[in-house]
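Here are my notes on this one, as numbered points. Have the model open while you read.

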Amino acid sequence: MQEAAWRRIVEAVRRVSDTPLGIQLTHAGRRAATVPPRADEIAGPRWARLTAGRLAASALPWDAGSAVPRAATRAELATVAADFAAAAARADRAGFDVLELQYGHGQLLSGFLSPLTNRRTDGYGGPAANRLRFPLEVLAAVREVWPAHKPLVVRISATDWAEGGTTEAETVEICRALAEGGADAVDVSTGEVVSDQRPRYGRSYQTPYADLVRSATGVPVIAVGAISSHDDVNSILLAGRADLCALGRAQLHDPLWTLHAAAEQQYQGPAAPWPPAWAPGSARPPGARADRLPPRLRLLREPAPPVHQRWRPPRPTRPRRPLPLPARRRCPARS
Ligand SMILES: Cc1cc2nc3c(=O)[nH]c(=O)nc-3n(C[C@H](O)[C@H](O)[C@H](O)COP(=O)(O)O)c2cc1C
C-alpha cells in the first residue's frame, strides 16, 4: 500500500522535475510513539503508555517520563533487518533514486552504536566493533536489494554531546566500517541520542564532524546543521569539508531555497529547473538596486515641488434643485 502511494507521488514529481528523489528509512526504537505528543504530556502517564513496548538495544528509557523499552532479542533483530530490506526494495520499486538509513538521533540503530544506549552483554554490545554488528547486518541486507547504481547513504550522530558517548575515534571507525559495508556516503549529524545532551549549537555547528570523517576516512560526507545560505554551502564545499550539504529548516523557511540559490548565482544547469509557468521568476525581479531604476520616492529635503493644486469637483453651472424626496409611506396599522 505504501509502495503504490509513494509511486504515485514520485510519478507526480517526475512530471514536473527530474530532480533526484531520496527517502529515509528508520526504526525509531525507544524514540518511537504512535502520536505526536502535546507539550504538556511528554512526561505524563499517557506519554509513558504511548512509548511502551518499543524495541531498543537495551532496556533504557529515553528520560524519566518515558516507558522502559524492551532490549531486542536476536530473533527480533533478524526480523528488523529483513523489514529494512523489504522496505528498501519497496522504495526502489516506488522509484526513489537515493536511500538513506537513519543510524543517528537515538533511534534503534543509533541505540546500538552509542555506548550510552547500548549496554548489551551479547555479541552486539561492548567495543565499537560489536556495537557496529547489528547496524552492519542491516546495511548488508539493504545493500543486497538496493541497486548498486543508486546511492545508499547512512546518517549518523557523530557525537552524543554527552560524557561517555561515542568518541571521535569511534566515529571514524564506524564510518570506515559503514563505507566498507556498502554505504556510498555518510550524512554526518550529531546528538539526539540521550536526553541529557549538551550540544554546542552555532552556525554550521556539525560541519567539523563531517570534516573529521572526510579527512580521516576519505568517505564522501554530507554536512548538515544550521547551514542556511548558499555562501555557507559554497564555503564548506570549496574548503573540502564536505561533498554535499543538506538543509532542513532553511528549506522549511523557503521551500524554493534551491531555485532561489540557483537564480542568485545565475546557475541554469541540471537539478534546479524552474517550472515553465514560473520561469519569469527565475531571475531576481527588477528592483531599484538591481537595475538602477530611478527611485520614485523623493527625499523631503529636496526642493519642494510646485504647490499642489487640490482637485475639486467642477462647479455646477446652475444651482442644483433639491431632489424630490419619495413620498412617505405609512406603516399599515397592526391588527
Ligand atoms: C520538522 C523537522 C523534521 C525532521 N525530521 C527528520 C527525520 O525524519 N529524519 C532525520 O534524520 N532528521 C530529521 N530532522 C533533522 C534534520 O534533518 C536536520 O538534521 C536538522 O534540522 C538540522 O539541520 P538544519 O539546521 O538545516 O535544519 C528534522 C528536522 C525538522 C526541523
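**Notes on the fold and the ligand shell**

1. Let's begin in the sheet: β6 and strand β7 (residues 221-224) run parallel and are joined by three bridges. Val186 has Val221 of β7 across from it. Helices (H or I, at least four residues) and strands (E, at least two) are DSSP runs, numbered from the N terminus, and two strands count as paired if DSSP finds at least two bridges between them.

2. A word on what you're looking at. This is a predicted model, in which local features need pLDDT of at least 70 and side-chain atom pairs count only at pLDDT 80 or more, while totals for chains, interfaces and linings use all residues. Residues are numbered from 1 along each chain as its sequence is written.

3. Between β5 and β6 the chain passes through helix α7 (residues 168-180), giving a right-handed β-α-β crossover. Right-handed means that, with the strands pointing away from the viewer, the path from the first strand over the helix to the second runs clockwise. β6, helix α8 (residues 207-217) and β7 form a right-handed β-α-β unit too.

4. Why is β6 (residues 185-189) largely enclosed by the rest of the structure? Five of its five residues are buried, so that's how it ends up. Ala185, Asp187 and Ser189 cover one face, and Val186 and Val188 the other. Buried means 20 or more other C-beta atoms within 10 Å of the residue's own, with C-beta atoms placed from the backbone. Across the 335 residues of the chain, 29% are buried.

5. Zooming out, the open sheet has six strands in the order β1-β4-β5-β6-β7-β8, with parallel pairing. β1 (22-25) and β8 (244-246) are its edges, each pairing on one side only. At the β1 end, four bridges tie β1 to strand β4 (residues 98-103) in parallel, and Gln24 has Glu100 in β4 as its bridge partner.

6. Now the ligand. There are 13 residues around it, and Gly225, Ala226, Leu247, Gly248 and Arg249 come nearest; near means a C-beta atom, placed from the backbone, within 6 Å. By type, the shell holds five nonpolar, six polar and two charged residues. Nonpolar covers Ala, Val, Leu, Ile, Met, Phe, Trp, Tyr, Cys and Pro, charged covers Asp, Glu, Lys and Arg, and the others, Gly among them, are polar.

Key
A residue is buried if 20 or more other C-beta atoms lie within 10 Å of its own, exposed if 12 or fewer, and partly exposed in between; C-beta atoms are placed from the backbone.
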